[in-house]
Amino acid sequence: MSSSSGRCQPGPRRGRLLIVEFIGTPGAGKTTLSNELVSSLQEDGIDASTIIGAARVHGHRTFAGQAIVPFTPRALRRAFLWELFYLLSTLHIAPFMLEHFRLTRFVLRTQLGRPIPMAARRRALYWFFQLAGRCRFLRATSRDREILVVDDGFLHRSVNLNASHVEKPDAYQVTAYVDLAPKPDLVVFTVADRDACERRIRERGVWPHRRHLSPAELSRYLRNAELVVGLAVQRARERGWTVVEVNNEDRGLDQVKRDLREAVGPLLAESSPRG
């Protein structure tokens, strides 16, 4: 499988990369469904991947990958390609910041003013810029009609940048961020009741960086995250982004997978080889 990552622009490009981004309240099932979608597409011969799945393939496509991998012991190649991907993605952060100067300035300014600990703000910024660098690198090394499925792309970053258990989401701030964020080809809005999301999170284990939250604080975080998701999806629709909803509450996984397949139908037509 050869694939790619985030829709970053403009940057050098070798092909038309198609981007599917998931968004939803934490616990709605974005990661599970994005992986299921990739597996389903690959079974049909579609060149699809997640960011992690694309990382080593795209590292191998580079000059360094082509030059060094043949001389790397087989047991070390996966580790080498991951480190190469990490390094090259990091180098792409600065060009992304220049190309998206207004977005970068907005994110830095709004994060500095959040009423949360500095460590939490640093974490939000770190993962935003990691996404940015990975996006730009993977887009630069993409090939025509590849599909990237992202469970936590730029649109869903609005949650990490605006939601916590101590702050009420700022509608203007969320919509202004979406106005500046790179536009994907398709947004999959994963819908699930907040109580169901919270139950899933508790069953699988709360994320390490939020394990310090009390039950009431976790519930408040999820409520605020749900508000941010609603604002972000609304703004994406207002701006003409293609957004489809997939209900992931009490239905079986097979039904949800069928819904996903129908949602990406137009992209599949675009990604098919031209006759």
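Author: A definition to begin with: two strands pair if DSSP finds at least two bridges between them. Helices (H or I, at least four residues) and strands (E, at least two) are DSSP runs, numbered from the N terminus. This is a predicted model, where local features need pLDDT of at least 70, side-chain atom pairs count only at pLDDT 80 or more, and totals for chains, interfaces and linings use all residues. Residues are numbered from 1 along each chain as its sequence is written, and side-chain values use heavy atoms, with hydrogens and water left out.

Reader: ok, how many bridges between S4 and S5, and in which sense do they pair?
Author: S4 and strand S5 (residues 243-247) pair over 5 bridges, in the parallel sense. Val188 stands opposite Val244 in S5.

Reader: And what joins S1 to S4?
Author: Strand S1 (residues 18-23) runs parallel to S4, and 4 bridges join them. Glu21 has Val187 in S4 as its bridge partner.

Reader: Why is S4 called largely enclosed?
Author: Because 5 of the 6 residues of strand S4 (residues 186-191) are buried, it is largely enclosed by the rest of the structure. Buried means under 20% relative accessible area, exposed over 50%, and partly exposed in between (1.4 Å probe, protein chains only).

Reader: What share of the whole chain is buried?
Author: Of its 275 residues, 51% count as buried. The chain has 13 helices and 5 strands.

Reader: New topic, helix H10. Which residues are buried there?
Author: In H10 (residues 194-204) they are Ala196, Cys197, Glu198 and Ile201. Their cover includes helix H11 (215-238). Just after H10, Gly205 takes a positive phi of about 110°.

Reader: Which residues touch the most others in the largest nonpolar core?
Author: That core has 53 residues, and Ile23, Phe128, Phe154, Leu155, Tyr177 and Tyr221 touch the most other members. A separate second core of 17 residues includes Leu37, Val38, Leu41 and Leu260. A nonpolar core is a set of buried Ala, Val, Leu, Ile, Met, Phe, Trp, Tyr and Cys residues joined through side-chain atoms within 4.5 Å.

Reader: Last one: where is Val166?
Author: Val166 is in the loop between helix H8 (157-162) and helix H9 (171-180). Val166 counts as partly exposed because its relative accessibility is 45%. Leaving aside neighbours within four places in sequence, Val166 is in contact (heavy atoms within 4.5 Å) with Pro115 and Ile116.
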